[in-house]
Amino acid sequence: MSESELVDMFGVFIPKLRNAIKALYKEEQVKPYEAERTIKKKDNLYITVYNMEVVLLLAFRLNSFQARAVRRELMERISLDHKPFEVILTTQHPFSS
């Protein structure tokens, strides 16, 4: 998705979006070379687009009405066809017998 599409979807201004993306990079949650691509459009116009991982991370980082709606939709779709699961943690040391 492009910057303008992300701004529209999340209901934030460009500086807030850019700061959130920079924070993702700074915290190394995603690498810029994996997360973005520059596409050449007509008339030598270049636009940067971001992959789905960035979109998902931004949905949980930004705090706007639209971002909350995206999070709710994501959670509904994830839980729609999946049964509840359980995570079992053990305290056994990996080198003990």
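1. Methionine 75 counts as partly exposed because its relative accessibility is 44%; that class lies between buried (under 20% relative accessible area) and exposed (over 50%), with a 1.4 Å probe and protein chains only. Methionine 75 sits in helix H5, residues 65-80. Helices here are DSSP runs of H or I with at least four residues, strands are runs of E with at least two, and both are numbered from the N terminus.

2. Please keep in mind that this is a predicted model, where local features need pLDDT of at least 70 and side-chain atom pairs pLDDT 80 or more, while totals for chains, interfaces and linings use all residues. Residues are numbered from 1 along each chain, and side-chain values use heavy atoms, without hydrogens or water.

3. Now the core. The largest nonpolar core has 19 residues, and those touching the most other members are Leu6, Phe10, Leu17, Val54, Leu58 and Leu62. Such a core joins buried Ala, Val, Leu, Ile, Met, Phe, Trp, Tyr and Cys residues through side-chain atoms within 4.5 Å. At least two residues come from each of H1 (3-10), H2 (14-26), H4 (52-61) and H5, and H2 gives the most, five.

4. Leaving aside neighbours within four places in sequence, leucine 6 contacts (heavy atoms within 4.5 Å) Met1, Gly11, Leu17, Tyr50, Val55 and Leu58.

5. Lastly, the strands. E1 (residues 36-40) and E2 (residues 46-50) run antiparallel, joined by five bridges; pairing requires at least two DSSP bridges. Lysine 40 has tyrosine 46 in E2 as its bridge partner. Five residues separate the strands of this hairpin, and aspartate 43 in the turn has a positive phi of about 55°.
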